[in-house]
Each structure stands twice: as C-alpha cells, then as structure tokens.
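Morning, everyone. I have one structure for you today, and I'll keep it brisk. Have a look at the screen first.

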Amino acid sequence: MSDLNDVRKRIRKRRGTQATEKEHSFSLFRLFYHTVMLAMGICVVVLALMLNAKLKLIEMPAYIQNFKLDSLTQWIPFDNWFSLKEEAVSAAPAYTPIKDNQYQNGTNSAYAVFNGVVLHVQRSDSRECSVSLKQDNGVVTTYGHLKEVNVKADERILKGKMLGTYENHITIDFLKDNKEISYEKGLAENSV
C-alpha cells in the first residue's frame with residue numbers, strides 16, 4: 001500500500017511540475033491576448049466618440065466633451081473612410097407656398113428639407129406640434145402645425161425623412177444667426 005502511495009506522490013509531483021510549465025506559457029499568452037483585446041476595445045470606443053464628435057449624433061456628457069475630440073478628428077479623413085456624404089434615395093416632395101410662411105407639398109406628410117439634428121419637439125394644448133431642426137450648416141428650421149410627429153429630440157434626420165403629418169398646411173420658419181430668413185433664402189443657405 002505504501003508503494004502505491006509513493007507512486008501516486010511521484011505522479012502528482014511530475015504532473016505538478018509539468019502543469020506549472022504549461023500554465024506559465026499559457027499565462028504569457030493570456031496576458032498578450034488580454035492586452036491586445038483591451039487595446040482594440042479602447043480603439044473602438046475612441047473611434048465611436050470621434051465619429052459622434054464629427055457627426056454630432058447624440059449629446060455627450062460634459063466629462064466626455066472635455067476630451068476635445070474635435071481637434072483630433074480634424075486630421076483623420078472620416079469622410080473618405082466611412083463615406084459620410086448622405087445621398088437621397090428619392091426626391092422629397094417640394095413645398096409650394098400658400099401665404100406668408102404656410103406651405104403644402106401635395107401630401108399630408110411633412111418631410112425634412114435638409115439634413116440636420118432635431119433640437120426639440122413641442123406639443124401645444126391645441127394638439128398641434130412643431131419640430132425644430134438644426135441643419136448641418138447652422139440654419140434652424142421649424143416645422144409647425146403638425147398633427148403627429150414621428151421624430152424625437154437629438155435624432156439625426158436626413159433630407160426627405162418624414163417628420164410627421166399635417167392637415168391643411170404646414171408652417172416652415174428658417175432662422176440664421178437668430179434672424180428670420182425667407183424660405184427661398186433658407187433653401188439657398190442649405191444648398192451651399
């Protein structure tokens with residue numbers, strides 16, 4: 001019986017020394033693997049933050065904005081890498097003036113005139129809604145007298161996207177540098 005115990009001890013001893021050598025080699029591999037995975041994860045997060053800084057898709061908390069990623073994105077050619085140029089799939093209906101700032105487009109659907117980000121959606125007691133969009137070039141467009149709204153605040157809107165519906169007419173107001181501008185001038189400002 002003691003011989004059997006001696007054999008078991010020797011087997012355990014041999015396995016123990018071999019196991020530690022294998023564990024040692026695997027621990028270096030694991031360290032390398034985890035380091036590479038961590039570096040890749042950091043790169044993905046930084047690229048996502050830089051894309052958001054470039055496109056302004058969502059508003060980031062103040063502590064993330066303090067990183068000043070805008071200056072870092074200037075030397076990275078995101079436009080070439082990700083083809084950020086948006087192309088319309090179909091033409092949006094053109095608005096025809098009725099009077100003053102009231103328009104129709106032949107449907108009861110309100111469409112965005114240009115690309116931008118929704119600043120806010122406002123609902124009044126009379127069940128009318130309005131949507132304000134900040135276009136990519138800084139022009140703020142407000143679509144009023146909407147019956148229903150299909151967008152939410154801070155959402156990225158492409159030209160031709162349906163904002164909501166209206167009954168008789170829609171009001172469209174353009175603001176540039178806190179000054180009201182005409183529909184034609186608003187279209188000209190956005191075409192540049």
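Start with Tyr33. Its relative accessibility is 40%, so Tyr33 counts as partly exposed. On this scale, buried means under 20% relative accessible area, exposed over 50%, and partly exposed in between, with a 1.4 Å probe and protein chains only.

Before I go on, some ground rules. This is a predicted model: local features need pLDDT of at least 70, side-chain atom pairs count only at pLDDT 80 or more, and totals for chains, interfaces and linings use all residues. Residues are numbered from 1 along each chain as its sequence is written, and side-chain values use heavy atoms, leaving out hydrogens and water.

Back to Tyr33. Both Tyr33 and Phe29 lie in helix α1, four residues apart, about one turn of the helix. Helices here are DSSP runs of H or I with at least four residues; strands are runs of E with at least two; numbering starts at the N terminus.

How many aromatic pairs does a search of the whole structure find? One. The ring centres of Phe29 and Tyr33 are 6.3 Å apart and the planes sit at 25°, so this pair is stacked. The cut-offs: rings of Phe, Tyr and Trp (its six-membered ring) pair if their centres lie within 6.5 Å; planes under 30 degrees apart are stacked, over 60 edge-to-face, the rest tilted. Phe29 has a relative accessible area of 52%, so Phe29 is exposed.

Now the surface. Phe29, Phe32, Tyr33, Val36, Met37 and Met40 make a nonpolar patch of about 610 Å². Patch residues have over 30% relative accessible area and no salt bridge; nonpolar side chains (Val, Leu, Ile, Met, Phe, Trp, Tyr) are joined within 5 Å, like charges within 9 Å. A salt bridge is a Lys or Arg side-chain nitrogen within 4 Å of an Asp or Glu carboxyl oxygen. Areas come from Shrake-Rupley with a 1.4 Å probe; for residues, only the protein chains shown count as cover. Phe32 sits in helix α1, residues 2–55. Phe32 is exposed because its relative accessibility is 56%.

Next, two loops. Asp100 lies between β1 (96–99) and β2 (102–104). Its phi is near 45°, a positive value in a residue other than glycine. Asp177 lies between β8 (162–176) and β9 (179–181). Phi of Asp177 is near 55°, also positive.

Last, the whole chain. It has five helices and nine strands. Of its 192 residues, 28% count as buried.
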